[in-house]
Amino acid sequence: MSEPLPTIALKVDVDTFIGTRDGIPNLLRILQQFGIRATFYFSLGPDNSGKAIRRIFRKGFLKKMLRTRAPSMYGLRTMLYGTLLPPPDIGKQLPGVIFSTKQAGHEVGIHCWDHVKWHDYLSRYPKQAIFRELDQASTVFEEIFGYHTRTTAAPGWTVTADSLEIQDSMGLAYCSDARGTCPFFPEMNGRRFTTLQIPSTWPTMDELLGENGITPENINDQYLQLLKTGLNVHTIHAELEGNALSDTFVGLLHLLAERNVRFVTLAEAADEFGADAPSCDLRMGYIEGRAMPVAIQGSTTAM
Ligand SMILES: [Zn+2]
């Protein structure tokens, strides 16, 4: 019997106004060229990226900013939105670009309302405030696509037991909030949740670049080493793979095509790999290359 082909689900996080406006059309061209369908997660409210500058004062963030040259990658305007420049309203100003992903045959879901707010303050949010973030995003999503979202993916892989509980109440098919190895049902702070999680299994480009001699020229070798049979989930960003790192991303897709990798959407991955998913611990913790903690899939819990 021949070995099953490796399968990849591409998860596209769209964090900013510029990433939506410029990165999405670029990514759509690239994905069409390779005949790949991906899953796009949108930020649908204000772009307050400039406020993320306050993270400069937190451990590790300045080093990361310098390493990834964030200003040149994200653009100066993005660094000022929400501070010196008023925050643009992504869902209101760019509904056509957002809808074009669905028209091109991709799966769509909710990343957030306000990316910076969720990422920086979620742990301090009362349940009502978390609900409001997801509710506002859901309203705009429905205005654009005409139906209730089937999936969400938390900004910066940041979750709390309360955010998971609210997601459980939204009637979602699955979420993609964590870093891990295989689909699972999360258990956090002694609470068990019912929405399937499809975790990202690969590190992002910005986590790998600049560490251990990894450059845009050799980063794709790292990804080929990570490729395993079964499901691989790779998170890319409209701001990076759709912009400054698009040539590197195209190179990766060529290498994966040579290896007969099969691409699926996350919804297809949930159908195919989600049956009999185990219950696993989920906790916030640090991973290499990322300044802020992320939700990490832990060991299987007793059923
Ligand atoms: Zn994001």
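Is Arg283 buried or exposed? Start there, then connect the answer to the rest of the model.

Analyst: Arg283 is exposed, because its relative accessible area is 51%. The cut-offs are under 20% for buried and over 50% for exposed, with partly exposed in between, using a 1.4 Å probe and protein chains only.

This is a predicted model, in which local features need pLDDT of at least 70 and side-chain atom pairs pLDDT 80 or more, while totals for chains, interfaces and linings use all residues. Residues count from 1 along each chain as its sequence is written, and side-chain values use heavy atoms, without hydrogens or water.

Arg283 sits in strand E10, which spans residues 279-285. Strands (E, at least two residues) and helices (H or I, at least four) are DSSP runs numbered from the N terminus. Setting aside residues up to four places away in sequence, Arg283 touches Met188, Val294, Ala295 and Ile296. Touching, or contact, means heavy atoms within 4.5 Å. Pro293 comes 10 residues from Arg283 along the chain, and the two C-alpha atoms are 9.4 Å apart.

Now the setting. The protein chain has 14 helices and 11 strands. It runs to 303 residues, of which 57% count as buried. Take the contacts between residues at least 6 apart in sequence: 74% of them join residues at least 24 apart.

Asn212 is not a glycine, yet its phi is positive, at about 50°. Asn212 is placed in the loop between H10 and H11. With a relative accessible area of 65%, Asn212 is exposed. Asn260 also has a positive phi, near 55°, and is a residue other than glycine. Asn260 belongs to the loop between H13 and strand E9 (262-264).

Asp206 counts as buried because its relative accessibility is 9%. Helix H10 (residues 205-208) holds Asp206. The Asp206 side chain makes two polar contacts worth noting. One goes to the side chain of Thr204, at 2.7 Å. Another goes to the side chain of Arg290, at 3.3 Å. A polar contact is a pair of N or O atoms within 3.5 Å; within protein, one must be able to donate a hydrogen and the other to accept it, and residues adjacent in sequence count only through side-chain atoms on both sides.

Next, the zinc ion. Its protein donors are Asp15 (OD), His111 (NE2) and His115 (NE2), at 2.1 to 2.2 Å. Donors are N, O and S atoms within 2.8 Å of the metal (3.2 Å for Na, K and Ca); water is not among the atoms, so sites may look incomplete. Along the chain the donors follow the spacing D-x95-H-x3-H. Asp15 and His111 link distant parts of the chain, being 96 residues apart. Asp15 lies in the loop between strand E1 (6-14) and helix H1 (17-34), whereas His111 lies in strand E3 (residues 107-112).

Both Asp15 and His111 are buried. His111 counts as buried because its relative accessibility is 2%. The side chains of His111 and Asp15 also make a polar contact, at 3.1 Å. Neighbours within four places in sequence aside, the contacts of His111 include Asp13, Val14, Asp15, Tyr41, Phe42 and Ser43. Ala153, Ala154 and Pro155 are also among them.

Finally, helix packing. Axes here are lines fitted to C-alpha atoms, for helices over the stretch in contact, and angles run from 0 to 180 degrees between N-to-C directions.

On the H1 side are Thr20, Ile24, Pro25 and Leu28; they meet Val97, Ile98, Ser100 and Thr101 in H6.

Helices H8 (residues 127-145) and H9 (residues 161-168) pack at about 50°, with axes 10 Å apart. H8 contributes Lys127, Ile130, Phe131 and Leu134 to the contact, and H9 contributes Asp162, Ser163, Glu165, Ile166 and Gln167.

Helices H11 (residues 219-226) and H13 (residues 246-258) pack at about 35°, with axes 10 Å apart. Ile219, Asn220, Tyr223 and Leu224 of H11 make the contact with Thr248, Gly251, Leu252, Leu255 and Leu256 of H13.
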